2 protein chains.
Amino acid sequence: MSDLNAVLAHVDADLDAALARLFVVLRIKSISTDPAYAAECQACADWHVEDLRGIGFDASARATPGHPIVVAHDRSAKGASALFYGHYDVQPVDPLELWDADPFDPRIETLADGTRILRGRGTADDKGQLMAFVEACRAWKAVTGRLPIPMTILLEGEEESGGVNLPPFLKSHADELRADIGLICDTNMWDAKTPAIVTMLRGLCGEEIIIHAADRDLHSGFYGSAAANPNRILARIISDLHDADGRVTLAGFYDGVPELPEALRTQWDSLGFDAKAFLGAVGLSVPAGETGRSVLEMVWSRPTCEINGMGGGYQGAGFKTVIPAMASAKISFRLVFDQDPHKIRAAFRAFVRARVPADCRVEFLEHGSGQAIGFPIDAPAFGKARDALTAEWGKPAVFIGGGGSIPVTHELKKALGMDVVLAGFGLDDDRIHSPNEKYNLESFHRGIRSWVRILDALGRDATP
Amino acid sequence: MSDLNAVLAHVDADLDAALARLFVVLRIKSISTDPAYAAECQACADWHVEDLRGIGFDASARATPGHPIVVAHDRSAKGASALFYGHYDVQPVDPLELWDADPFDPRIETLADGTRILRGRGTADDKGQLMAFVEACRAWKAVTGRLPIPMTILLEGEEESGGVNLPPFLKSHADELRADIGLICDTNMWDAKTPAIVTMLRGLCGEEIIIHAADRDLHSGFYGSAAANPNRILARIISDLHDADGRVTLAGFYDGVPELPEALRTQWDSLGFDAKAFLGAVGLSVPAGETGRSVLEMVWSRPTCEINGMGGGYQGAGFKTVIPAMASAKISFRLVFDQDPHKIRAAFRAFVRARVPADCRVEFLEHGSGQAIGFPIDAPAFGKARDALTAEWGKPAVFIGGGGSIPVTHELKKALGMDVVLAGFGLDDDRIHSPNEKYNLESFHRGIRSWVRILDALGRDATP
């Protein structure tokens, strides 16, 4: 039996013990955003340190101004190295009454269709995903006494609460952390049968605008039409942001946005993405984006402008004939390819200012800014990871775009110059950040096996 | 000395006693909207009944499903009769901490410029105004033993809490209450030196719309641009409601809106209305309404469309990349002349429906509906009241439009077929509905004298 097959067999045999370990971590209430759980966050970091030491890693919890960062090295192997990133903190559990069971009392359930799942906060985001990787390392060490490649594991404790302490940590520990490739587990499969590697992530430019008109709320019966109404000004700004074809009207917005490379378009077309089912699942049916673009393009590779929130005046029950003193909106742009978030912010602000009357005032608040990122899918690590996933799942792994942002990806690229293979085993229905979060048992089990194979592949020469 | 002069002299001599009576009423916490004060509302009604009986009225408190309505008759005089309307209830006093003193411990204060004012909840809205009328009646009776005209006084206890019980009461007591002219005191002077009669009140059509898109809030990173965003749909609807010239775009909106009669325009022009000061007082300077219309036209005689409230998505601190499931707005139209609120509501709903995508849904909630009202300023009662006011204040009284709505005016017209002289002595800075409400001592004193003169004038033949 090859080393690989022996390690995979060990994973299968050890699954119950792996689940028991995962459940220990899931029971720790490491809610990073709530100071009441600071001790639990520390306890979770300490648990990982002990666990990783048990496998043979040189592990420690590093203090930050917030929750600790766990760093663990195993440099017994030679060759190209990897840095794995995961996070041990979880989202709050409110509203608690919407959970069918205690979110911190994890359990295995069998759904009506026979699918076995792990239920509880953190099962999918991110404890189940990160422990799948740790279990893969444990299996390699148990069977062969070594890892296929030099490995560093980095576990953050503030991913769900802003993560402000990670970028400076990466910068100040760049020499210790830099590796040949990054591995991130915080992503989803294409569907329950098809593994995926996310190779494109959109950037973000978030803005809040506050339109100030009169210096107080006015009675619309007395001042109606004569006094500027910030709701109306704001509505016009928002309405003007898209043209009749659904394109964003900011000057230069599409600079740096090429058409999709033909190879990628062909691969995406072959995915058989069901736009009707995608929209139908949330009660919609009419694609709302740019005329002539497929839904998959809209959500993966086209830049967007969304009004995430807006409000002004009286919003309670009943009616109040008020002209409010101010109105505000939170607007986010998802960016692709070479769009420059700073240029887009400037264009947006000029666009808004041009629509604010002379006696009104606009205030801008910046909410995040990041360029899109795309990895070279022809680099060896991506091909190896894809082949490993394909071997495990029996179905070709796909390179996909990602709609959301995973900020650490950008940080790894920026601070350490590393490309990152984003390969996770979550599913769209995992209810992350929501009540009754779950992770499929198959995602965990085959996730471990997938990482066993990826580590094996990364340890081999590109051309054997 | 004429009867009139004798009565005016009595008013001057009796002012301290009149203030003492007013302060008794002001101390009663007749907050109609709060059930905790039901007994105080009853006590206030009872006080008025006793007071009016003391003057010689046949007075009683009539039970309603809510707070009682006080009705008092004095039919000793002959000739054309009048129905006076006032309300004995007051607004709540929250936030209490913004009051400089106990709102129910009325006091006389002298402002920095020497103006003497009455401070406390209800001083202007409406106890001070209604007691000015009652004191005028008291003076007539004290000096001459009679009133100049047959008189009915109607005091409502729910004006500040919806007033739902008044219309059916007017209808069921129409024969008892009907008179030749209505008198309402619930209005303001043009300024502190210039008395005014409001002869035009705008109508209202209030609508709330709720745009429903996806069946849940969506992550804008995953669904951005592909999924309909109700904020964007709502913003477009609101933006489309006005054209570039500030005109409302609803089909048929300006049907029944004539140009201002030349006589009224001339009189309004002569008012010397300072649009710059009007807007400047609230921190604005650019009239926001229809191109080519004066600010006075905008607020008095032109129909308007205002967005009183709107909201959708995340409006808290920070940022949340959500596409909300719904967004909503509260929109009011102020109507003039013969605009039909029902036609306008129908036109608005058609306008909205035409802008809601096929996979979204709009819900409409109706919030009030009333036609504009205008009184014939050439009818004798209006001329008499104007002359009486001019004589008292030494400055020509003006006929003005009213921006707000005084629903009882419509009810008197509808249920009893009566025209109404709206003559009050409030001022724009009285802070009604707000902390530190006040009423000028001069408004009270000369208000009594004004009503003495108006009653006298109404009792004389039109052509002596």
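Helices (H or I, at least four residues) and strands (E, at least two) are DSSP runs, numbered from the N terminus, and two strands pair if DSSP finds at least two bridges between them. This is a predicted model, in which local features need pLDDT of at least 70, side-chain atom pairs count only at pLDDT 80 or more, and totals for chains, interfaces and linings use all residues. Residues are numbered from 1 along each chain as its sequence is written, with chains lettered from A and ligands numbered from 1 in the order in which they are written.

**View 1. Strand β11 of chain A joined to strand β11 of chain B.** Five bridges link β11(A) to β11(B) (residues 304–313), and the two strands run antiparallel. A:G313 has B:G309 in β11(B) as its bridge partner.

**View 2. The side of chain A that touches chain B.** Here 64 residues of chain A are in contact (C-beta atoms, placed from the backbone, within 7 Å) with 64 residues of chain B. The largest share of this side of chain A, nine residues, is from β11(A). The copies meet through the same surface, because 100% of the interface residues of chain A are also interface residues in chain B.

**View 3. Helix α1 (residues 3–13) packed with helix α15 (residues 441–458) in chain A.** The angle is about 160° and the axes, lines fitted to C-alpha atoms over the stretch in contact, are 10 Å apart. α1(A) and α15(A) are therefore roughly antiparallel (angle over 145 degrees) to each other. The contact is made by A:L4, A:V7, A:L8 and A:V11 of α1(A) with A:I448, A:R449, A:V452, A:R453 and A:D456 of α15(A).

Technical notes:
Axes fitted to C-alpha atoms, helices over the stretch in contact; angles between N-to-C directions. Parallel < 35°, antiparallel > 145°, perpendicular 65-115°, else oblique. Contact = placed C-beta atoms within 7 Å.
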